[in-house]
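Let's take a walk through a protein structure together. Have the picture open while you read, and look up each residue as it comes along.

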Amino acid sequence: MAVIASIHVFINHAFAVGAYPIVTLMEYRGWKKGDGAWDELAYKVTFALFVVTTTLGALTGVGIWFSAALIAPFGIGSLLRVFFWGWFIEWIVFISEVILIMIYFLSWKRMSASGRKRAHIGIGVILSVFSWLTMAIIVGILGFMMGSGRWPETQSLFSAFFNPIYLPQLAFRTAFAMGVAGLCVWFLIFFFTSKGSGLRHGSVRYVSRWMLVWIIPFVAASVWYWKVVPAAMAANIDVALVTQRFTQWHETLAIIMFCAIGALILVAGAGALKPKLLTSILLFVPLLLGLWLLGHFERVREFVRKPYVIADYMYSNGVRVSELPVLQRDGVLTHATYVNNHTVTSGNQIGAGRDVFVVTCSRCHTTTGINSVVTKFRNLYGEQPWDKNAMGAFIHTMHTSRTFMPPFPGNDKEADALVAYLKQLQVDHEFILAAQNSWTVKPAEVTGATGGP
Amino acid sequence: MFAGLTGKIISVLAQAPVPRDLDLPLPIPAADLKILLVITFLAHILFVNLMVGSSVLTVIFEVIGLSSPRYDALAKRIAHTITVNKSLAVVLGVGPLLCISLVYTIHFYSANALTGYAWISVIPLVILAFLAAYLHKYTWDKWTGRYKRMHVGVGLTAAVLFLCIPLIFLSNINLMLFPQQWVEVKGFFSSLRVGNVFPRLFHFLAASIAVTGLFLAGWFGRKSYPLGDNLPEFNHSKLRRLFYRVAFYVTLAQLFFGPLLLFTLPAEGVTGTLLWLILTGAAIAIAFLYLLSREIQADDHAIGNKYVWTVIVFTLVVVAMGTGRHLYRESSLSAHMKLIEDRSDTFHAVELATHMRIDAGLGVGDALGGGPTGESVFRNCAACHAVDRVLAAPSLIEIQSIYKGNPDGIIEWAKAPGKKRPEFAPMPAFAHLDDERLRLVADYMLSATASPDKDEASSEHN
């Protein structure tokens, strides 16, 4: 999921949203100046964009759906019900975008030869607008997952969409996309032009100016976004719960934003003034910083969301806020579908605890693999045999001390069973993958993935 | 016959897990979503057919072209049609994916989860297939001579990938229909044993080639296609006849694959209406074959006059079969959907009743909520602090020695803790517990003594 999402987010920002406006501008310049070499360069860059956006770009977008269906089926299923029309419109815009990409690239030579250059540039402009629209819609949905605004009261698409964080996030992503796209086009220019040629210097200078133009919006949007995030969080959770870890991340974000902007100014400035100085290796510095910024940005976004998958409505383990008291009273196993034990008895503690683990924890934690519970408890209690009373206390109150954790959605007996199972794990490591993959261990538990606990 | 089946369905469903549905209403009525699903799916599958069929035909004609060069030129022109069709296949697929995830949430996502790795591998496989198709298209005039074999190999790779991907989709679409077998399924390969995946795959592949044949008959047969530049050794009528033949023979083969698919369908979902619909579709398919044979036999001037009719009749076949496919899904899932609905409603009622108790101040049920006590609030601390032992933080005995007579000191610290000791992780802030609770817990901490119960815990620890 993380890999697919990162590739998609990067391609979508750098190639689709930011780069099509640049090649359209380059085509326009070539046409205005009657410079065939510029047109040819713009065409070659577009070919690269075409290949990347119609394969990696389009498919990783679809891939986010595929993986979300595996990782958070109840989360994505619920989001689909809330955002049906948003996603439906997104789909129509997506179809238009892909069709425009194909028309723009595939008709380039034919339209240029038949003297319809102006119309072709027009297609480029429309394509640029649609690429941006696709992002504008999806940001509404992402922003909603961070802070649901007034959605819990109104349950309407409109209020969910225009949540408090929508505009700053869109501004940040737009400016970022435009800036980083400059780097990518720049990189492609190096690939398609020969060293020391006038064409390379001219086009590098041109792209550098484009990037410089976007620096000020980028700085402004960064500051705006950076300032809005904690307030949006406060709207979800008690201010006092904003933990040290968030504060730390928030500070790091500021540092990375500062470095990325600084590097961008340096490189773009150098490119605009002295394009001869630049080599392709130098470009990697701001490109990597940009990637780091984007990665960090998405991580903070993920973190801010916790402990919810949909703010105030559903926790990250798929338990709804409203069903929590029922599960805590009756027991999560009582109402579960894919478990071997529906009640905890003195004889089935370990087995029932394992069921509790699969249903309530395994959406995010493995036993001994990535983000493993064994490691978490070892960090807390060390190598000595863990104290069962302390663990029980931790499980019941972890959401107050670890505010990114959802509350334990089971009753006391189930907490005891979970502790018994975890204590056994400390001695006898049994590997359980996250719920969506656990058919490799036990088929009956698998589709706990789908029905909610 | 069908009365007996109903009894069988109920006994079969007894083995099926019954999860609860999501607790949110559908955004638009289920019936509308289902109509939307069938329409968007047919649009999607049309381009999937063209993508798969063209990549197969490209390879076949390129191989023929090794000994007869004009077919190499033809293969190249077929390959050019893939670029647009394959992208439309992907983007048009999002709509039906959206619809099916909404109307059949539980069934579709369960099937996805059960075939986990295979399901997610659709993404890299499609990316690879697309890249291979681009490579194949854009190296056609460069990889010639001794590189020609390599070029054919790239085309073959794309075609094979395009053939594998539908199998993964079919395994999911098929598996979602049989909840009674979910418990036995362990991943993608075992899911292939459920229902009748392979007859469906054969039927789909044959349909893909038939659709592509009919499309290419129109594509190359139209007068506006610039044969002179691209395919100088062919004329419009000849190409049209060639691809009519492809469509004809493959559709003829469907007279075998179609019944094979129908008779291997698990009987639970086969209803009278469905049978009538399928038979009607088959009758129209025979009319289609007749029309095609007339077109093939027509002379060069007249061929193509009935092209529009062949497309219309073929569309009718597709709509009949597509609707039949949907009816089968509906009838095999209806009983299970009802069980899910009942279970969801029951749980929803329990949830509402619980919230009414809470709102009335009665607590959730079993344990009536009393006010907070020092001991109850201390549960927030007990994960790390014990009376006379070090868990993940200093013991209460040690804390008592520091804060004796100073509960306010504890409250201050708990609201904004720092990090004093290198051996422990920093304590999280507890400002969200109000002052009353913090005072209760501070007093409790300063007065707590080791109880026999705690001694027991510590002896286990030792």
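Here is one term to start with: two residues are in contact when they have heavy atoms within 4.5 Å of each other. Keep in mind, too, that this is a predicted model.

Leaving aside its neighbours within four places in sequence, Phe243(B) is in contact with Leu57(B), Phe61(B), Leu74(B), Ile78(B), Gly213(B), Leu216(B), Ala217(B) and Phe220(B). Phe243(B) belongs to the largest nonpolar core, a set of 209 residues, and together with Leu74(B) it touches the most other members. Apart from that core lies another one, made of 43 residues, including Ala390(A), Met391(A), Met405(A) and Leu391(B).

The mean pLDDT of chain B is 88, and 92% of its residues reach 70 or more. Which elements sit at the two ends of the scale? Among the elements of chain B, helix α2 (residues 30-65) has the highest mean pLDDT, 96, while helix α17 (residues 452-461) has the lowest, 43.

Two stretches of chain B call for some care. Over residues 1-5 of chain B the pLDDT is below 50, and this stretch has five contacts in the model beyond near neighbours in sequence. Over residues 454-462 of chain B the pLDDT is also below 50, and here the model has 13 contacts beyond near neighbours in sequence. Where pLDDT is low, the predicted coordinates should not be read in detail. As for the complex, the predictor gives it an ipTM of 0.83 and a pTM of 0.84.

## Where the two chains meet

Now let's turn to the interface. On one side, 82 residues of chain A are in contact with 86 residues of chain B on the other. Chain A and chain B bury about 7200 Å² between them, and 70% of that is on carbon and sulfur atoms.

There is polar pairing here as well: 20 residue pairs are in polar contact between chain A and chain B, with both residues at pLDDT 80 or more. Which helix gives the most to the side of chain A that touches chain B? That is helix α2 (residues 36-71) of chain A, with 15 residues. The rule also finds five salt bridges across the interface of chain A and chain B. In one salt bridge, the side chains of Arg20(B) and Glu323(A) meet at 3.1 Å, N to O.

## A closer look at chain A

Chain A has 19 helices and two strands. Of its 453 residues, 62% count as buried. Among contacts in chain A between residues at least 6 apart in sequence, 75% join residues at least 24 apart.

Is Thr193(A) buried or exposed? Thr193(A) counts as buried because its relative accessibility is 9%, and the cut-off for buried is under 20%. The side chain of Thr193(A) reaches the backbone oxygen of Ile189(A) at 2.7 Å. Leaving aside neighbours within four places in sequence, Thr193(A) is in contact with Leu41(A), Leu199(A) and Arg200(A).

## Charged pairs

Side chains of opposite charge can pair when their charged atoms come close. Over all chains, the structure holds 19 salt bridges. In chain A, Asp330(A) forms one with Arg329(A), and their closest N and O atoms are 2.6 Å apart. Asp330(A) is partly exposed, at 24% relative accessible area, whereas Arg329(A) is buried, at 19%.

In chain B, Asp72(B) forms a salt bridge with Lys148(B), with the closest N and O atoms 2.8 Å apart. This pair links distant parts of the chain, 76 residues apart: Asp72(B) is in helix α3 (residues 69-103) and Lys148(B) in helix α6 (residues 148-175) of chain B. Asp72(B) is buried, at 16% relative accessibility, and Lys148(B) is buried, at 13%. The side chains of Asp435(B) and Lys415(B) also meet in a salt bridge, at 3.1 Å from N to O. Here Asp435(B) is partly exposed, at 48%, and Lys415(B) is partly exposed, at 31%. Finally, salt bridges that share partners join Arg320(A), Glu323(A), Arg20(B), Asp23(B) and Glu351(B) into one network.

Definitions and conventions. Residues are numbered from 1 along each chain as its sequence is written. Chains are lettered from A and ligands numbered from 1 in the order in which they are written. Side-chain values use heavy atoms; hydrogens and water are left out. A nonpolar core is a set of buried Ala, Val, Leu, Ile, Met, Phe, Trp, Tyr and Cys residues joined through side-chain atoms within 4.5 Å. Buried means under 20% relative accessible area, exposed over 50%, partly exposed in between (1.4 Å probe, protein chains only). pLDDT is the predictor's confidence in each residue, from 0 to 100. Helices (H or I, at least four residues) and strands (E, at least two) are DSSP runs, numbered from the N terminus. Buried area is the accessible area (1.4 Å probe) that two parts lose on being put together, summed over both. A salt bridge is a side-chain nitrogen of Lys or Arg within 4 Å of a carboxyl oxygen of Asp or Glu. A polar contact is a pair of N or O atoms within 3.5 Å; within protein, one must be able to donate a hydrogen and the other to accept it, and residues adjacent in sequence count only if both atoms are side-chain atoms.
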